[in-house]
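Student: I have a model open and would like to go through it with you. Can we start with the pockets?

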Amino acid sequence: MSQLEQALPDTFITKSLETIPNIFHQVEALAKDFATRAGVHDKDASFPFENFTALYEAGLLSLTIPRELGGQDLGLESICRVIEGIAHGDASTALVLTMHYLQHAHAARSRRWYPEVYKRVCRESIEGIALLNAARVEPELGTPARGGLPATIAERTTEGWRLTGHKQYTTGSPILSYFVVWARTTEDEPQVGNFLVKRDLPGLRIVETWDHLGMRATGSHDLILENVLIPSEYAVDIRPISAAPSFDPLISAWGSLTVSALYLGVASAARDWLIKYLWERSPSNLGEPLATLPRFQTAVGEMEALLFANRRLIYSLAQDIDKGEYEPNVGLQAQSVKYLTTTNSIRAVEIALELTGNPGLLKKNPLERHYRDVLCSRIHTPQNDVICQSLGKSALKVK
């Protein structure tokens, strides 16, 4: 067993929770601050660098780094609450933070990184603003979740690995210090896997292509690699193409539940804006706020039911995972939660738009931004058709 394997925990269960209440207070304060700038970053598609400075200063970039390596090692429930809280203020910031958390959580659990490399990345993420995220999607292939091999290649040399390729939708690219690049090797018996690429290496460049309907401040630009040389030990997880792909149900569950929590935060922000609007809006023919009308009360009640269901689904399963009380199909269960909760979140924001009409779609109001952002929940892997097919095959016992 390697030193890293000896140092890391077997689960993501938190060892100590004494700092969590303070963390949640920090998250609430930061979210309020982020919300004051979210509209500007959305309009300009500019990256919120200042938000990540604030997150670093609050110690919130190390929450999924093992305690043995200086991090907080929080459990899934706490991470979901942090992400939901940040998303309430700025969904784009929350998405970049989510990807950073997931990469560290994945690395800690997979235990396939070289110990010294992982320790170095963890140290940098604690001592400074050093974020990482995966770079997987390609123009020709599309999302790798639907099968296929990457066109990005890694050539073994006497100096290490030389990478060449083109990646799309690299969330957080303006601020990332490391890219976890999915590529295949050029060996006689090719392998496929992940290669850690540091931002400042020659041959790496970012092309600013991100001009999206929603999540406009995520900086999800294209990553271009042209003969980028990395050390041999930065091949963090490669396997023969013929080998069956690894699937860790807990990693899948973390991905599905954190994304679900993010869009719950967006929908909750829309609900909060709507409530404020309904109390402030008093049409002259009514003589009292819209909040006093039964029709509006009923509609807000429907939103509350949707958001309540989301919280129960997300956090009950997250608690089970933290306690180690989960079933073998926990990954598929978490995907079901993602399908249900993101559908609910979209519907909740739609209700707010239906109630407000034109004011809800005005650029000066955040509701239209929340709607554009929440629609992006459909894009994240696994997508709804894949989830439902997997559920159907499981029920039908079809391989």
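Student: Which helices each supply at least two residues of the lining of the second largest pocket?
Tutor: This is a predicted model. In it, helix 2 (20–44), helix 4, helix 7 (249–280) and helix 11 (367–375) each supply at least two lining residues.

Student: Which helix gives the most to that lining?
Tutor: Helix 2, with eight residues.

Student: What volume does the second largest pocket have?
Tutor: About 480 Å³. The lining comprises 20 residues, and those closest to the pocket centre are Ala31, Lys32, Gly85, His88 and Gly89.

Student: And how does the lining divide by class?
Tutor: Nine residues are nonpolar, five are polar and six are charged.

Student: Back to helix 2. Which side chain meets Asp33 in a salt bridge?
Tutor: That of Arg37, with an N to O distance of 3.0 Å.

Student: Why are Asp33 and Arg37 separated by about one helical turn?
Tutor: Because they are four residues apart in helix 2.

Student: How many salt bridges does the count come to?
Tutor: The count is 24, taking a side-chain nitrogen of Lys or Arg within 4 Å of a carboxyl oxygen of Asp or Glu.

Student: What does UniProt annotate for residues 30–101?
Tutor: The unreviewed entry gives "domain: Acyl-CoA dehydrogenase/oxidase N-terminal" for that range. In the model, residues 30–101 are 68% helix and 0% strand, with the end C-alpha atoms 17 Å apart.

Student: And which residues does it list for "domain: Acyl-CoA dehydrogenase C-terminal"?
Tutor: UniProt lists residues 258–381, again in an unreviewed entry. This span is 75% helix and 0% strand, and its end C-alpha atoms lie 12 Å apart.

Student: Now the backbone. Which residues does a cis peptide bond join?
Tutor: Thr381 and Pro382, with omega about -5°. Pro382 sits in the loop between helix 11 and helix 12 (384–396).

Student: What about Ala45, is its phi positive or negative?
Tutor: Positive, about 55°, although Ala45 is not a glycine. Ala45 is in the loop between helix 2 and helix 3 (49–57).

Technical notes: Residues numbered from 1 in each chain as written. Predicted model: local features only at pLDDT ≥ 70, side-chain atom pairs only at ≥ 80, totals over all residues. Heavy atoms only, no water. UniProt positions renumbered as here; feature names shortened; annotations may be inferred. 1 Å grid on protein atoms, 1.4 Å probe; cavity = no way out; pocket = protein on both sides within 12 Å on 5 of 7 lines; lining within 4 Å. Points joined across faces, edges and corners; volume = space filled by probe spheres on them. Nonpolar A, V, L, I, M, F, W, Y, C, P; charged D, E, K, R; others polar.
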